[in-house]
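Take a look at the model below. Keep it in view while reading, and find each residue as it comes up.

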Amino acid sequence: MISDKINEIINEQINKEFYSGYLYLSMSAYMKELGLFGFSSWLKHQAKEEVEHGLKLFDYLISRNSFVTLKQIRTPEFEFHGIISVFNKIYEHEKCITESVMKVAKQAEEECDRTTLSFIDWFINEQIEEEQNVKDIIKRLELFGDDKVSLYLMDKELGERQ
Ligand code: OFO
């Protein structure tokens, strides 16, 4: 059985993962409005991944005979101002998520909860990858995002994400 404190922060993390899914879906809708169908599809995939992360945490609590307390998911932002600004927001958001995943790891370390430590490692690695992917997109947008042909090609490429 995991401690009450770890239970609490993992339940919070479930909420944050589902919220991330909501936020990325909202961004996906915005990209669709702009006619950037590849960006929209990439964000929709990202949203699905976030829901999977939430479910992974949900399953972990259950596997440890711990309680799941699902909280209300707040309304995500739905007014955006340009592609780079959307990806900068994602980057900032993911940095917050990394911090909160680290909070779980720190608490588990303090409590010598080896099971949670080993479980949360997967999330730490995932966060490194996600931050890097988003940063790469931002770099490319900054380099040639104003050029319509390049943007078209990038949209096509992101749309190929499986
Ligand atoms: Fe965006 O990452 Fe989940 O954890």
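This is a predicted model: local features need pLDDT of at least 70, side-chain atom pairs count only at pLDDT 80 or more; totals for chains, interfaces and linings use all residues.

Start with the open space. The largest pocket holds about 180 Å³. Its lining draws on several parts of the chain. Trp42, Gln46 and Glu49 are among the lining residues. Helix α4 gives the most, with 7 residues. What classes of residue make up the lining of the largest pocket? Charged residues number 7, while 3 are nonpolar and 2 are polar.

Searching the whole structure for cavities of 30 Å³ or more turns up 1. The volume of the largest cavity is about 30 Å³. Helix α1 gives the most, with 4 residues. By class, the cavity lining has 3 charged, 2 polar and 1 nonpolar residues.

Next, a residue in α3. Ile83 sits in this helix, which spans residues 83–110. Is Ile83 buried or exposed? Its relative accessibility is 15%, so Ile83 counts as buried; the cut-off for buried is under 20%. Which residues does Ile83 touch, leaving aside those up to four places away in sequence? They are Met31, Leu34, Leu36, Phe39, Leu141 and Leu151. Sequence separation and spatial separation can be set side by side here. Ile83 and Tyr60 are 23 residues apart in sequence. Their C-alpha atoms are 35 Å apart in space.

Last, go back to α4. This helix covers residues 114–144, and Glu142 lies in it. Glu142 has a relative accessibility of 54%, so it counts as exposed; exposed means over 50%. How far is Glu142 from Ile84, C-alpha to C-alpha? The separation is 7.5 Å, although the two residues are 58 residues apart along the chain.

To recap, α4 contributes 7 residues to the lining of the largest pocket, and α1 contributes 4 to the lining of the largest cavity. Ile83 counts as buried, whereas Glu142 counts as exposed.

How values were computed
Residues are numbered from 1 along each chain as its sequence is written. Side-chain values use heavy atoms; hydrogens and water are left out. Helices (H or I, at least four residues) and strands (E, at least two) are DSSP runs, numbered from the N terminus. Buried means under 20% relative accessible area, exposed over 50%, partly exposed in between (1.4 Å probe, protein chains only). On a 1 Å grid over the protein atoms alone, a cavity is a set of points where a 1.4 Å probe fits but cannot get out, and a pocket is an open set with protein on both sides within 12 Å along at least five of seven lines; lining residues have an atom within 4 Å of a point. Grid points are joined across faces, edges and corners, and a volume is the space filled by probe spheres set on the points. Ala, Val, Leu, Ile, Met, Phe, Trp, Tyr, Cys and Pro count as nonpolar, Asp, Glu, Lys and Arg as charged, and the others, Gly among them, as polar. Contact means heavy atoms within 4.5 Å.
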